[in-house]
Amino acid sequence: MKPGLKRSNAPIFWSLFGAGGMLSALFGPALVFITGIAVPFGFILPADAMSYPKMLAFAQNFIGKGFILAVIALFLWFAAHRIFHSLHEVGIHAGVGAKLICYGSAFVATVISVVVLLGLGF
Amino acid sequence: MTENLKIIEIEVLRYNPESDREPHLEVYKVPFSDDMSVLQGAQYIKDNFDGSLTFRWSCRMAICGSCGMMINGIPKLSCETFLRDYYPNRIRLEAMHHFPIEKDLVVDLSGFIEKLESIQPYIIPKEPRSLEQGEYLQSPKQFSDYIQFTSCINCTLCYAACPQFGLNPDFIGPGAIALLHRYNMDSRDGAAAERMELVASEEGVFHCSAVGYCSEVCPKHVDPANAVNINKTNAARDYFLRFLSPKGGSK
């Protein structure tokens with residue numbers, strides 16, 4: 001075995017990326033359809049399906065909070081990882097700066113989501 | 001001999017470290033018959049036009065893994081690629097991408113050989129076994145778990161295909177990881193935890209961004225991309241569960 005091997009901390013980011021990728025593949029298209037087409041056009045779903053009181057109630061429910069957090073945070077971790085690695089692939093050898101911007105924005109958005117969701121009460 | 005033969009233009013990347021500052025292309029007009037491989041085209045050039053043209057080859061039947069090169073930009077074994085499939089267009093031969101060129105189409109594989117050694121590509125038995133205990137028994141199921149990954153011929157076409165290896169030559173790379181997986185999956189082997197140190201390291205599997213081109217160019221259908229990605233899961237499991245494992249996992 002080669003000497004001086006350092007364990008990579010990639011599994012943390014890779015797991016978040018994997019979870020976000022799976023979730024976005026499963027829920028992404030449906031979310032685009034519901035929030036972007038079905039509700040605004042009153043197509044299949046009633047136009048008030050996402051009215052403020054209904055969404056507030058959803059965000060105040062424990063399971064609703066979990067869903068919103070997962071959809072926002074994991075999608076962002078997925079995107080951050082994908083963008084960071086794509087930069088590398090197109091020849092922009094992103095260093096610590098790009099890493100901070102990519103993963104940092106996902107981290108900040110995760111913290112904001114948690115704070116806002118908890119602030120909405122139960 | 002040449003009367004009924006068609007002529008194909010073969011463009012070859014030439015580099016002589018003793019006289020050239022950088023590689024350059026030279027074109028040769030090679031008469032060929034339908035049964036001639038690209039390797040035979042290169043041999044024709046060496047025999048008839050320029051004896052200094054340098055390339056590796058041995059078996060001529062896609063089993064030794066020596067004659068890999070870039071053929072029109074795609075990593076291929078030149079012995080199983082035929083000139084007729086490119087005629088009447090010009091065909092371009094270059095040394096395998098991502099490796100330092102030694103001379104013409106010959107690349108320096110010492111980095112790959114080091115990686116191959118580092119994965120401990122041999123069975124390390126779970127426990128010592130005396131002759132009286134007899135042979136190791138293996139079920140067809142256990143055999144089928146690893147047999148696919150034994151087909152690697154170390155041609156390194158997967159390395160020439162891998163964009164991540166091209167960006168960072170420290171990456172252990174598809175071929176060596178596929179072989180590492182072959183030994184890990186063997187029921188007689190007990191060194192998966194030892195090899196995990198390498199898999200989970202910064203030179204390990206997480207360099208891979210799942211492009212999958214390695215598996216596409218593999219002439220033996222080893223599917224190294226699959227081996228690498230299975231080991232990402234293994235490394236992630238080891239990362240999070242190492243504190244729960246009775247042995248403490250690898251370092």
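This is a predicted model: local features need pLDDT of at least 70, side-chain atom pairs count only at pLDDT 80 or more; totals for chains, interfaces and linings use all residues.

Helix 1 of chain A and helix 3 of chain A make a left-handed crossing. Helix 1 covers residues 10–38 and helix 3 covers residues 62–89; their axes come within 7 Å, and the crossing angle is roughly 115°.

Who makes that contact? From helix 1 of chain A the residues are F13(A), W14(A), L16(A), F17(A), A19(A), G20(A), G21(A), L23(A), S24(A), F27(A), G28(A) and L31(A). Helix 3 of chain A answers with F67(A), A70(A), V71(A), L74(A), F75(A), W77(A), F78(A), H81(A) and R82(A). By class, this helix 1 to helix 3 contact holds 15 nonpolar residues, five polar and one charged.

Now across to chain B. Helix 1 of chain A also packs against helix 9 of chain B, residues 224–241, at an angle of about 115° and with the axes 9 Å apart. This crossing, too, is left-handed. On the chain A side the contact uses P11(A), I12(A), W14(A) and S15(A). On the chain B side it uses K232(B), T233(B), A235(B), A236(B), Y239(B) and F240(B). Note W14(A): it is listed in the contact with helix 3 of chain A, and in the one with helix 9 of chain B.

Next, chain B as a whole. It has nine helices and seven strands. Its C-alpha atoms fill a box of roughly 75 × 40 × 30 Å along the principal axes. Of its 251 residues, 46% are buried. Taking contacts in chain B between residues at least 6 apart in sequence, 64% join residues at least 24 apart.

Which members of the largest nonpolar core touch the most others? They are I8(B), I10(B), V12(B), L77(B), L83(B), I91(B) and L93(B), in a core of 66 residues. Domain 1 (6–107) and domain 2 (110–241) of chain B each supply at least three residues to this core. Another core, of eight residues, lies apart from it and includes A80(A), F84(A), Y103(A) and A106(A).

Take I8(B) as one case. Leaving out residues up to four places away in sequence, I8(B) touches Y28(B), K29(B), V30(B), F32(B), L83(B), Y86(B), Y87(B), N89(B) and I91(B). Of these, L83(B) and I91(B) are also on the list of core residues that touch the most other members.

That is what I have; questions now.

How values were computed:
Residues are numbered from 1 along each chain as its sequence is written. Chains are lettered from A and ligands numbered from 1 in the order in which they are written. Side-chain values use heavy atoms; hydrogens and water are left out. A nonpolar core is a set of buried Ala, Val, Leu, Ile, Met, Phe, Trp, Tyr and Cys residues joined through side-chain atoms within 4.5 Å. Buried means under 20% relative accessible area, exposed over 50%, partly exposed in between (1.4 Å probe, protein chains only). Domain bounds come from an automatic or database domain assignment. Contact means heavy atoms within 4.5 Å. Axes are lines fitted to C-alpha atoms, for helices over the stretch in contact, and angles run from 0 to 180 degrees between N-to-C directions. Helices (H or I, at least four residues) and strands (E, at least two) are DSSP runs, numbered from the N terminus. A crossing is left-handed if the near helix is turned anticlockwise from the far one by less than a right angle, and right-handed if clockwise. Ala, Val, Leu, Ile, Met, Phe, Trp, Tyr, Cys and Pro count as nonpolar, Asp, Glu, Lys and Arg as charged, and the others, Gly among them, as polar.
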